[in-house]
Amino acid sequence: MYLVLLAVATAIFSPPLQNLLRDMMMISISPFTNPKPGIVVVAINEETLARLPYRSPINRGLLTDILNRIQSGNPRAIGIDLLFDQPTEADKDLRLRSVLESFPAPVVLASGTKLDGLSSEQLDYLKAFSPRATQGLGTLLHDNLDRVVRGAHLGRTIDGEWAPSFPVAIAEAVGVDSGQGSREMVYYRDRNFAPFRFLVYPAQAVQFAPSSWFENKLVLLGLDLPQVDRHPTPFTLLNGADKGDLPGVIIHAHLLASILSGDRINTPGQIIGFAPFVAAGAFSLWISWRSIAVIQKPIAIAAALAVVWVCAGFAFAWFAILIPLVAPSFIVVGLSSLVSFLAWRRDSKERQFVEGAFAKYVNPAVVTKIVREHGELRLGGERRVITSIFTDLEGFTGLSESVGPEEVASLLNEYLDRICDQFIEHGAARPGGSGGCPHACN
């Protein structure tokens, strides 16, 4: 039953605690502080929308003007983190399509699937809006427990074909392959536990920007609005939602930067990842089973786990190796507690046996010393000052010849019990505080 409860408790409590620990490590000691340069973000913010006659969908005339200005700077590629899934004003739609089709650099448009809530009509419009442009899934991977974006979305298989994510499609457009599969999300940080600040230009200022702002750059165009397309990240832990929740386009910038730099979090296999805890667990179980002071056991176990945690912290800070810590620690502590309890029961039974075996024949102080300091029970001599008392029972020889041995033993034990009680009552003791009145008749 205990093992079942331990398994259930580990399954319930370790995931959120592991997420908390991972977030703290990511924003405080991770080695990801300097992303590869060359990424700029053009953000449509509240000030941008205040200049427009309507907020949604984003005015495509404005987008056309922005793209015309960006292309004059000869960017390396451009990614637009906006969904073109429905028509707006016909003339503005036509102008935007024309710019996208003639854009001199690779263009990647954000897309989605039915899993993202898009209808068949929206998907058809997305595909037909700009046939020349590459499409990349704009989906982010939210943790099921707290909705924090911790996983890196590289893409998914749709109808048997691999569909890259938005950042992966941009990287592939400039010749960088990220591969498929899954990985941990890499966030770049500054020295104040805050997210790294990419170059972000407000959309309303782009038309007045020098061409050098975009020359040979990877440009991401997206939203930076208070209540739209913002997502909790590890930075939310210490910075709150105002600074820790990031716009989707900024999260895409972090993933794109990690792909271009080759930065990634390394998660070792189970054998390697759990090896430190196997060693710490073996040591903890050995300590737990030993007959030592109870207070020493948790101290030794905590020290062993602390060594593993410190080493794991250094491994993440230096080599971005992420070792699971919480669940293995739960298991080590739980099993060590069980073994310590079993060892306590074993020692209690031994103590009760010693007390029961000697209580009738040895001074209680001696019994207590034997129980507490049984390590001192050893063969060999010891120089002491003692007092011995010899008694003789008158007529004992004749009595012992006339009765059976059982009656003789019973009579002697009763006699010795009474006389020893008298000695102990009057403080008979040996130097050091314990006394003795050994006797036995078998």
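Trainee: Which residues touch the most other members of the largest nonpolar core?

Mentor: General idea: in soluble globular proteins, nonpolar side chains tend to be buried together. A nonpolar core is a set of buried Ala, Val, Leu, Ile, Met, Phe, Trp, Tyr and Cys residues joined through side-chain atoms within 4.5 Å. Buried means under 20% relative accessible area, with exposed over 50% and partly exposed in between (1.4 Å probe, protein chains only). Here the largest core has 53 residues, and Ile39, Tyr187, Leu218, Leu220 and Leu256 touch the most other members. Helix 8 supplies the largest share of this core, 9 residues. Another core, of 34 residues, lies apart from it; among its members are Val40, Leu67, Ile78 and Leu221.

Trainee: What should I know about the model and its numbering?

Mentor: This is a predicted model: local features need pLDDT of at least 70, side-chain atom pairs count only at pLDDT 80 or more, and totals for chains, interfaces and linings use all residues. Residues are numbered from 1 along each chain as its sequence is written, and side-chain values use heavy atoms, leaving out hydrogens and water.

Trainee: What does Leu220 touch?

Mentor: A contact means heavy atoms within 4.5 Å. Leaving aside residues up to four places away in sequence, Leu220 touches partners including Ile39, Phe166, Ile170, His252 and Leu256.

Trainee: How do I read a sheet? What is the strand order in the open sheet of 3 strands?

Mentor: Strands of a sheet pair through backbone hydrogen bonds, either parallel or antiparallel. Two strands count as paired if DSSP finds at least two bridges between them. In this open sheet the order is 5-6-9, with antiparallel pairing. Strand 5 (141-142) and strand 9 (183-184) are the edges, each pairing on one side only. Strand 6 (residues 149-152) pairs with strand 9 over 2 bridges. Gly151 has Glu184 of strand 9 as its bridge partner.

Trainee: How many helices and strands are there in the chain?

Mentor: The chain has 14 helices and 13 strands. Of its 442 residues, 42% are buried.

Notes:
Helices (H or I, at least four residues) and strands (E, at least two) are DSSP runs, numbered from the N terminus.
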